[in-house]
Amino acid sequence: MTAFKTSLPCIAVLAAATVLVACQPRTTDDAAAPATPAADTPTAPAAQGAHAVTGTATYRERIMPPPGASLRVQLLDNLLADTSQAVIAETTLKDVAGPPFAFALPFDASKLRPNGQYGLHASLNDADGKPVFVSDTRVPFDPAANTPVEILMVSASRSGKPAAPADASQTIATNWQCGDLRVGATFDNAAKRVTLSHGGRSTSLPLAMSGSGARYADEKGNEFWTKGDSGTLTLDGQKHECTQTQAASPWDAARARNIAFRAVGNEPGWLVEVGKGATPPLHAELDFGSRTLDIAQTQRNAQGDAWTGKTASGTQVELKAERTPCQDDSGARFDVTARLQAGGKNYTGCGAFLIEER
């Protein structure tokens with residue numbers, strides 16, 4: 001800030017009046033002192049609405065929004081992420097034209113917490129409410145900065161995150177890396193529960209008391225406690241440090257590809273995946289990926305827990321799934337023990353029925 005050096009006061013006596021006028025102070029440099037604005041001078045845009053977020057939301061694709069599209073912008077408390085209390089404020093702009101979309105989002109400053117962490121989320125939805133573009137990361141927001149922000153959105157088909165991350169009327173699907181364990185977490189704010197998908201298994205935990213963040217726990221000691229994009233998972237007596245990721249669990253990804261059964265094993269590393277139906281396809285990667293086997297159609301037994309077949313080169317393959325507990329080298333627990341025979345070589349590992357077929 002420029003320092004001011006004040007000259008001795010000078011008083012001009014006007015002949016026609018007895019008005020005293022104080023001389024303006026003189027600066028130490030050549031810059032003139034800033035003029036005091038008149039009472040009716042408009043406030044600068046950056047200072048308007050001390051309790052409002054202003055900015056733009058946009059996307060890089062050169063396409064126009066669909067007819068009837070709307071833009072939704074939310075101000076979120078990151079430490080309450082994945083709970084219905086995360087939304088501090090939101091606004092929806094209807095029938096928007098092409099990007100960039102200018103928005104102003106008023107918020108109640110009393111909802112802010114000391115040393116809080118806040119972010120912005122935006123989604124462009126079509127006339128039916130289906131997301132077209134979404135922000136796949138939360139844009140950091142400092143309430144004290146009072147500067148415009150820009151939210152970059154990506155195509156909803158490429159985004160690994162939901163369009164409405166804190167809507168109490170919706171379930172929210174997220175992915176987490178918890179040590180060596182990849183976990184899918186689906187938050188149901190209406191039911192106040194989270195369903196964890198891990199290794200082909202599923203664990204449901206109710207919302208529990210917590211001083212901060214979102215905590216879910218059951219009477220068995222299982223607990224999932226998140227604070228923003230990080231957290232901890234205690235499962236089957238083991239505690240893991242977690243970070244949010246866009247990559248889905250390989251088990252969830254396999255289920256999305258209509259894989260009915262999947263198994264993995266070590267020494268040497270291998271995996272096998274079986275599709276749906278009475279004569280499903282089978283794909284196996286053996287000996288740390290050095291061998292690959294594919295069978296277009298296998299024969300499934302009546303119980304649906306064994307498959308046999310031959311590859312195009314004549315290699316005989318047999319896979320059996322025993323519904324007995326199994327634990328892999330990382331400590332992850334499964335409900336199925338898998339035994340694979342391929343070309344006279346035996347493999348043992350753990351597996352899961354991803355799609356139950358009757």
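A residue counts as buried when its relative accessible area is under 20%. E223 has a relative accessible area of 17%, so E223 is buried. This briefing covers a predicted model. The protein has 358 residues, and 40% of them are buried. One helix and 31 strands make up its list of helices and strands.

**Overall picture**

- The accessible surface of the protein is about 19,900 Å². Carbon and sulfur atoms hold 52% of that surface.
- Take the contacts between residues at least 6 apart in sequence: 47% of them join residues at least 24 apart.

**Disulfides**

- A disulfide is a covalent bond between the sulfur atoms of two cysteines. The protein has two disulfides.
- C178 and C242 form one of them, with sulfur atoms 2.1 Å apart. This link links distant parts of the chain: C178 is in strand β13 (residues 171–178), C242 is in strand β20 (residues 238–245), and they are 64 residues apart.
- The link of C178 and C242 is right-handed, with 115 degrees about the S-S bond.
- C178 has a relative accessible area of 0% and is buried. C242 is buried as well, at 3% relative accessibility.
- C326 and C350 form a disulfide too, with sulfur atoms 1.9 Å apart. C326 lies in strand β28 (residues 326–327) and C350 in strand β31 (residues 345–353), so the pair ties together parts that are 24 residues apart in sequence.
- The link of C326 and C350 is left-handed, with -70 degrees about the S-S bond. Both cysteines, C326 and C350, are buried.

**Aromatic rings**

- A pair of aromatic rings is described by the distance of the centres and the angle of the planes. The count here is eleven aromatic pairs.
- F187 and Y216 form a tilted pair, 5.6 Å centre to centre with 55 degrees between the planes. F187 lies in strand β14 (residues 181–188) and Y216 in strand β17 (residues 214–217), so this pair ties together parts 29 residues apart in sequence.
- Are F187 and Y216 buried or exposed? Both are buried.
- W251 and F334 form a tilted pair as well, 5.3 Å centre to centre with 50 degrees between the planes. W251 sits in helix α1 (residues 250–256) and F334 in strand β29 (residues 333–334), 83 residues apart. Both W251 and F334 are buried.
- One aromatic cluster is formed by W176, F187, Y216 and F224.

**Charges over rings**

- The charged end of R215 sits over the ring of W225, 5.6 Å from the ring centre.
- The charged end of R323 sits over the ring of F353, 4.1 Å from the ring centre.

**Salt bridges**

- Side chains of opposite charge can pair when their charged atoms come close. The protein has 14 salt bridges.
- E90 and R72 meet in a salt bridge at 3.2 Å, N to O. E90 lies in strand β7 and R72 in strand β6 (residues 70–77), so the pair ties together parts that are 18 residues apart in sequence.
- E90 is partly exposed, with a relative accessible area of 40%. R72 counts as buried, at 14% relative accessibility.
- E223 meets R215 in a salt bridge at 2.7 Å, N to O. R215 is also the residue with its charged end over W225.
- E318 forms a salt bridge with K320, and their closest N and O atoms are 3.7 Å apart. E318 is partly exposed at 26% relative accessibility. K320 is partly exposed at 41%.

**Two residues and their contacts**

- Where is T91 placed? T91 is in strand β7 (residues 87–94). At 17% relative accessibility, T91 counts as buried.
- Beyond its neighbours within four places in sequence, T91 is in contact with L71, R72, V73, A104 and L105.
- V264 is in strand β21 (residues 259–265). V264 is partly exposed, with a relative accessible area of 22%.
- Leaving aside neighbours within four places in sequence, V264 is in contact with W251, W270, L271, G349 and C350. Among them, W251 pairs with F334, and C350 is in a disulfide with C326.
- V264 and T337 are 73 residues apart in sequence, yet 9.7 Å apart in space, C-alpha to C-alpha.

Key: Residues are numbered from 1 along each chain as its sequence is written. This is a predicted model: local features need pLDDT of at least 70, side-chain atom pairs count only at pLDDT 80 or more; totals for chains, interfaces and linings use all residues. Side-chain values use heavy atoms; hydrogens and water are left out. Rings of Phe, Tyr and Trp (its six-membered ring) pair if their centres lie within 6.5 Å; planes under 30 degrees apart count as stacked, over 60 as edge-to-face and the rest as tilted. Helices (H or I, at least four residues) and strands (E, at least two) are DSSP runs, numbered from the N terminus. Buried means under 20% relative accessible area, exposed over 50%, partly exposed in between (1.4 Å probe, protein chains only). A charge sits over a ring if NZ of Lys or CZ of Arg is within 6 Å of the ring centre and within 35 degrees of the ring normal. Contact means heavy atoms within 4.5 Å. Accessible areas come from the Shrake-Rupley method with a 1.4 Å probe; for residues, only the protein chains shown count as cover. A disulfide is a pair of cysteine sulfur atoms within 2.5 Å. A salt bridge is a side-chain nitrogen of Lys or Arg within 4 Å of a carboxyl oxygen of Asp or Glu.
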